[in-house]
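Subject: Structure handover

Hi,

Here is the structure for your set. My notes follow below it.

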Amino acid sequence: MNPTTASHLGQISAAAGMGLSVIGLGIGVGLIFAAFIQGIARQPELEGKLMVWTFVGFAIVEAMGIFSMLMCFLAIHG
């Protein structure tokens, strides 16, 4: 395999990884907020506590998604 073909395959796989990380990010955020809404529906008095943990989970999922997309960008341009 010549170097240009290997480079193009690396770019294609990095782009696919970026797409998969965005899909996983969307699913993760959706599950977090769905659980938040269900928790409020079951016990409305815990809304404040649930909101804090929801945003902590949201921040962790977003950070992991941004980190994985950064790694894919580095793989494309590296």
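In which helix is the place of His8? His8 sits in helix H1. Helices here are DSSP runs of H or I with at least four residues, strands are runs of E with at least two, and both are numbered from the N terminus.

First, the ground rules. This is a predicted model, where local features need pLDDT of at least 70, side-chain atom pairs count only at pLDDT 80 or more, and totals for chains, interfaces and linings use all residues. Residues are numbered from 1 along each chain as its sequence is written, and side-chain values use heavy atoms, with hydrogens and water left out.

Overall picture:

The protein chain has two helices and zero strands. Its radius of gyration is 18 Å, well over the 12 Å that the globule rule gives for 78 residues, so the chain is more spread out than a compact globule. That radius is taken over C-alpha atoms, and the rule is 2.2 Å times the number of residues to the power 0.38. Along the principal axes, the C-alpha atoms fill a box of roughly 65 × 15 × 10 Å.

The helix pair:

H1 covers residues 3–42 and H2 covers residues 47–77. Their axes come within 9 Å and cross at roughly 175°. Axes are lines fitted to C-alpha atoms, for helices over the stretch in contact, and angles run from 0 to 180 degrees between N-to-C directions. H1 and H2 are therefore roughly antiparallel (angle over 145 degrees). By class, their contact has 20 nonpolar, nine polar and two charged residues. Nonpolar means Ala, Val, Leu, Ile, Met, Phe, Trp, Tyr, Cys and Pro; charged means Asp, Glu, Lys and Arg; the others, Gly among them, are polar.

Contacts and burial:

Of the contacts (heavy atoms within 4.5 Å) with a separation of 6 or more, 69% join residues 24 or more positions apart. Buried residues make up 17% of the 78. Buried means under 20% relative accessible area, exposed over 50%, and partly exposed in between, with a 1.4 Å probe and protein chains only.

- His8 is partly exposed at 47% relative accessibility. Its C-alpha is 9.0 Å from that of Ile76, 68 residues apart along the chain.
- Ala34 lies in H1 and is partly exposed at 35%. Ala34 and Thr54 are 20 residues apart in sequence and 10.0 Å apart, C-alpha to C-alpha.
- Phe73 lies in H2 and is partly exposed at 42%.

Best wishes

Key. Angles under 35 degrees count as roughly parallel, over 145 as roughly antiparallel, 65 to 115 as roughly perpendicular and the rest as oblique.
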